[in-house]
Amino acid sequence: MSADLAKDRQHMVEAQIARRGVRDAAVLAAMAEVPREAFVMAGSEASAYDDEPLPIGEGQTISQPYVVALMIAAAAVQPGDRVLEVGAGSGYAAAVLSRIAGRVHAIERHAPLAIAARRRLAALGYDNVEIRAGDGSRGWPEVAPFDVIIVSAGGPRVPEALKRQLAVGGRLVMPVGSEETLQRLLKVTRRSETDYVSEGLGGVHFVPLIGAEGWRGAPPAVPRLADLIATAAEPLPEIDDPAFARAFDRFAGRRLVLLGESTHGTAEFYRARAAITRHLIEEHGFSLVAVEADWPDAAAVDRYVRHRPAAGGEPPFQRFPTWMWRNVEVEAFVGWLRRHNAELPPERRAGFFGLDIYNLSGSIAAVLDYLDRVDPAAAAVARQRYGCLTPWQRDPAVYGRAVLTQSYRSCEAAVVAQCRELLGRRLDAAATDEGDGLFDAAQNAQLVAAGEHYYRAMYYGGAETWNLRDRAMFDTLERLLDARGSDAKAVVWAHNSHIGDARHTDMGALRDELNIGQLCRERFGDAVALIGFGTHAGTVAAASDWGARMAIMPVQPSAGDSFESLCHAAGPARFLLDFHGDDTLRARLAQPLPQRFIGVIYLPGSERLSHYQDAAPSRQFDAYVWFDTTTAVTPLGPEPHTPADAAETYPFGV
Ligand code: SAM
């Protein structure tokens, strides 16, 4: 067995299982012991530790590792227990059970699968497991009673035969329901000869239990996911129609409403978030707008919208990617916020703040500028490396070359020094103001420290740099809320990758990355609404390399197997999906699906590799807003399409 697979297995146990709350030491040890690659189909070994079910032949699947662990932990299997598994499939769950229990009996309906499973267990020397082919919905009366029964397929109800074969004190864990309705994981405990108690453990998604006490023949037809989305979708009017924002009144009671975007350059996402935010400020007492922008730049906008004296210095949002905040859509919102605040006493004015830890883009531009002068070859490598900062834009080959390039290494100290210098200048520029000035200066001082740490970590790459950034953004958000008092309510604008709970995306599951959405949920629980935004096709403002010119690019139609393609097939041009309004939809979208993430860089040529990752939409978000066709933002200079006079004075001439 390769060292890589052993590492993958350990990572699976930590990232997919322990972190999701399965803490039973015996279960974790058993999952860490059994080589899952021996139970998948030949050729799929490399995917053995992926966070999903995999095909095993006969139209059946080996369950997702987390679900196997969850069921075994729920059944509280003890050393010495006699266990029955119904639906042995590949034999994997039986193998894990055999590492904990005394003896395991497993039944599989498909004889070829039962034979293959038996062979695998024998090859591993797991000799306390017996597997036979047959209908497990009737149990295995000859060897009953069982301390534990695990049913690895979903039936219409808990089979009476299985209940009878449970020892008093025994536990049965099984998914009940069809794929059409919702399968719920049930735990049934037999308390006496006649008394059984049952508890629900949440929604799951299993292949059907077919047999005398399961589904008879074919289970009920499964509706197409796109049809389910079409049924649940609440069509939205045009963004400017007041009814658009009113559709979000259901989130008005939350303390934090986080609004995402699946690109950094789509006009509809900005306009929709502006409309929702205006409504939440005007009607529901929200007073903080915190955005994925650099603190010092957003602070200049904040002074403008709250009618405070300008601080001087360079105009905000001068560096790549300028179009993210220097665009007519943001300009219109900033103008509205200033007019709205004019009517209010200073203490009730809504503020506009940047969550990003420092002027990252400015720092990167400065680093590239430096490398362009002293070592153009290393600058090209650094451009690639910065483009790869967002994990779905990785190119391991280029990254590996960068690390190996001697000239690149020799520049590293200068890269860090350059960043410190830049951050120091930002601090100098920001430290002159009264009133809120102290908060601003303290915040900037923290940003310098965070920046220094970030750049040190960036040399080593990986999850740590991403996590430092998102933790720091969350810390800033918390500090803003604290400064405004216990009843302060905030709207956050940031990319879906920062807002959708990272635990339910490849970011968290495979790369140990967390984000603001996850941290908000962990800290504020139900007081948070995470709302994702997505699109099928249209145009987007983006660049093809870090620091390159912005272009208006066509967005490719979404990939055939993606979440976006399902939303597209659902029909309406604009809609809201509320995952708490429809249990069936929520259960079906709790499975990972490819989802598109476009940042400031868009690489249509390698879209699949660069921009898609798997994510479970209904776990990642509380709701999702869909615009089937979208258009690029209109930037204020120095990019193309500039209303020139506005560009020079923004935001002060709005
Ligand atoms: N535990 C398995 C593993 O670790 O690979 C995965 C189980 S798979 C999700 C469900 C299995 O249940 C399928 O292989 C299916 O053929 C089997 N099954 C369905 N109805 C059954 C029945 N009545 N008796 C026995 N097996 C059944």
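1. Let us start with E58, which counts as partly exposed at 43% relative accessibility. Here buried means under 20% relative accessible area, exposed means over 50%, and partly exposed is in between, with a 1.4 Å probe and protein chains only. E58 sits in the loop between β1 (54–57) and β2. Helices (H or I, at least four residues) and strands (E, at least two) are DSSP runs, numbered from the N terminus. The phi of E58 is positive, near 60 degrees, in a residue other than glycine. Most residues other than glycine have a negative phi, and most peptide bonds are trans.

2. A word on what you are looking at. This is a predicted model, in which local features need pLDDT of at least 70 and side-chain atom pairs count only at pLDDT 80 or more, while totals for chains, interfaces and linings use all residues. Residues are numbered from 1 along each chain as its sequence is written, and side-chain values use heavy atoms, with hydrogens and water left out.

3. How confident is the predictor? The chain averages a pLDDT of 83, and 79% of the residues score at least 70; pLDDT is the predictor's confidence in each residue, from 0 to 100. Over residues 455–460 the pLDDT is below 50, and this stretch has 18 contacts in the model beyond near neighbours in sequence. Residues 639–654 also have a pLDDT below 50, with 40 contacts beyond near neighbours in sequence. A contact means heavy atoms within 4.5 Å. Where pLDDT is low, the predicted coordinates should not be read in detail.

4. Now for the chain as a whole. The chain has 26 helices and 20 strands, and 58% of its 654 residues count as buried. Among contacts between residues at least 6 apart in sequence, 71% join residues at least 24 apart. The accessible surface comes to about 25,100 Å², with 52% of it belonging to carbon and sulfur atoms. Accessible areas come from the Shrake-Rupley method with a 1.4 Å probe, and for residues only the protein chains shown count as cover.

5. Next, the ligand. There are 28 residues around the ligand, and E85, S90, E108, G136 and I210 come nearest; a residue is near a molecule or strand if one of its heavy atoms lies within 4 Å of it. A polar side-chain atom of E85 lies 2.8 Å from a nitrogen atom of the ligand. The side chain of D135 has an N or O atom 2.9 Å from a ligand nitrogen atom, and the side chain of S90 has one 2.6 Å from a ligand oxygen atom. Taken alone the ligand exposes 610 Å², and the protein buries 99% of that.

6. Which elements give two or more residues to the shell around the ligand? They are β2 (60–62), β3 (82–86), α4 (92–98) and β4 (103–108). β2 gives the most, with three residues. By type, the shell divides into 12 nonpolar, 12 polar and four charged residues. In this division Ala, Val, Leu, Ile, Met, Phe, Trp, Tyr, Cys and Pro count as nonpolar, Asp, Glu, Lys and Arg as charged, and the others, Gly among them, as polar.

7. Helix α3 (residues 65–74) is worth a look. Eight of its 10 residues are buried, including Y66, V67, V68 and I72. Just after α3, A76 takes a positive phi of about 50 degrees.

8. Is H536 buried or exposed? H536 is buried, with a relative accessible area of 10%, and its place is in strand β15 (residues 528–542). Its side chain makes a polar contact with the side chain of S558 (2.8 Å). A polar contact is a pair of N or O atoms within 3.5 Å; within protein, one must be able to donate a hydrogen and the other to accept it, and residues adjacent in sequence count only if both atoms are side-chain atoms. Leaving aside neighbours within four places in sequence, H536 is in contact with residues including V555, H568, R596 and W626.

9. T189 lies in strand β8 (residues 183–190). T189 is buried, with a relative accessible area of 19%. Not counting residues up to four places away in sequence, T189 touches G169, G170, R171, D195, Y196 and V197.

10. Finally, two backbone details. The peptide bond from A144 to P145 is cis, with omega near 0 degrees, and P145 lies in the loop between β5 (129–133) and β6 (146–151). D512 has a positive phi near 60 degrees and sits in the loop between α20 (506–511) and α21 (516–524). At 31% relative accessibility, D512 counts as partly exposed.
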